Amino acid sequence: MQTVSSQTPDVGSFRDLDGLTRELGVKDEGRPGPLILLTAGLHGNEPAGIRAIRALLEGLAETHTAGRIVGLAGNLSALRQGLRHQGQDLNRLWTAENLRALGTRDPKDDRPDEAELRALFSAIEAERDEARTHARPLILIDLHSTSADGGGFTVVPDSIPSRRLSRALQLPVVLGLEERIEGPLMTWLVSQGDTATVVEGGQHDAPDTQAILLDALWVALHHAGVLPEDDDRIQPAVERLIAARGKTPAVLDLVYAHPIGHGETFEMRPGWDNFMPVADKEPLARHGALEIDAPLSGYMLMPLYQGLGTEGFFLCRSVSRTWLVTSRLLRRSWIEHFLRILPGVKSLDTRAGLITARRGAPHWLTGLLHLFGYRKNAPIGDITEWSRRPQ
Ligand SMILES: [Zn+2]
């Protein structure tokens, strides 16, 4: 370790990451196919994804591949210190405002995580430009791990190609989380029409986490069509991922997020893992002087057991297969034009993916808008603007 930090590293130092560089490797045999961007370590206390990408690229050495596969490390300086970040969360900085500011600010004035944003942004932009000239579609697979235990899952924007990719990975798919979080890398890419998924491999230090991430990468590459159809590593990986999901529902919808303000104290009660069932009113945490009880029943997601974080926990509900099929069919049909005549709806622009409606939409309307993919909402005066990701 060259860098010494006054903070206590979350998970110790990662000796095998000494000498880590931004580019983890490239596999490109000059054959047509998508650009697959593999990113890991956007949070510096999550080294399992870096190790999984390295193992994947080693495993690909003797394999014929299509397209271009690029592995990139996220927050290099935080990874070297074993810290989640150095003051700003690198996976919350991908907003139009922050990215524009990179062009006007002298790099010397960048704060440490902003310098990481600048370097990663330019590496990704160079790849995107190159992909555009070859008319390659872009697929992002961003690897993470969590402070809580309870196995892996995927976080996916509610667009049909991204959903299909995530379903192929067999882990529980969480919908509605991407739209709640401000500024993740994934959102910046999907809002431009790219396909993306975040894979959470499990607890940061759990021995299985790296293996789950690696299995997910193999299956994702196969799904994207860049591996030989008969690659015999895929089926065992699929089976291990199915076993890792266990009894957790295949698809869940995020229904509640518990925000933590800057400088507030938050302490989760011990014993919560991802996807444990939660009963309504069950005591969950202490936030400042307040006891926090579950506002509804569901499944626990990402209870916060580390110092740094902007959300204390999330609650999800299981999504039925019927809902998934219906939503896929509806989004391809002319029926969505009828949303315009529903009570409370003011305007509809299906091409831009925007609906405006009276504030305080009734429960049934919110549910219907979700079915068509409209999840992100922002108040503007006395109306709410609902938007969806490119479908
Ligand atoms: Zn993370």
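Q: Why does Y305 count as partly exposed?
A: Y305 has 18 C-beta neighbours inside 10 Å. A buried residue needs 20 or more, and an exposed one has 12 or fewer. The value 18 lies in between, so Y305 counts as partly exposed. The model is predicted.

Q: Where is Y305 found?
A: Y305 sits in the loop between β13 (298–301) and β14 (311–318).

Q: What makes a residue a contact of Y305, and which residues are in contact with Y305?
A: The C-beta atoms of the two residues must lie within 7 Å. With neighbours within four places in sequence left aside, S147, A148 and M268 are in contact with Y305.

Q: How far apart are Y305 and P236?
A: In sequence, 69 residues separate them. In space, the distance is 32 Å from C-alpha to C-alpha.

Q: What is the span of helix α8, and what is expected?
A: Helix α8 covers residues 234–245, which makes 12 residues. From first C-alpha to last, α8 reaches 17 Å. The expected span is 1.5 Å times one less than the number of residues. For α8 that expectation is 16 Å, and the value is close to it.

Q: Which residues of α8 are buried, and how do you know that they are on the same side?
A: The buried residues are A237, L241 and A244. They cover an arc of only 60° around the axis, so they are on the same side of α8. These buried residues pack against α7 (207–223).

Q: What does the face of α8 turned away from its buried side carry?
A: That face carries the exposed residues Q235, P236, E239, I242 and A243.

Q: Which residue follows α8?
A: G246 follows α8, and its phi is positive, near 60°.

Q: What is the order of the strands in the open sheet?
A: Four strands form it, in the order β15-β16-β18-β17, with antiparallel pairing.

Q: Why do β15 and β17 stand at the edges?
A: β15 (345–349) and β17 (376–380) each have a single partner strand, so one side of each is left without a neighbour in the sheet. From one strand to the next, the twist averages 20°.

Q: How do you know that β15 and β16 pair?
A: Pairing needs at least two bridges. Four bridges join β15 to β16 (residues 354–358), so the two strands pair, and they run antiparallel. Within this pair, V345 stands opposite A357 in β16.

Technical notes:
Residues are numbered from 1 along each chain as its sequence is written. This is a predicted model: local features need pLDDT of at least 70, side-chain atom pairs count only at pLDDT 80 or more; totals for chains, interfaces and linings use all residues. Axes are lines fitted to C-alpha atoms, for helices over the stretch in contact, and angles run from 0 to 180 degrees between N-to-C directions. The arc is that of the directions from the helix axis to the C-beta atoms.
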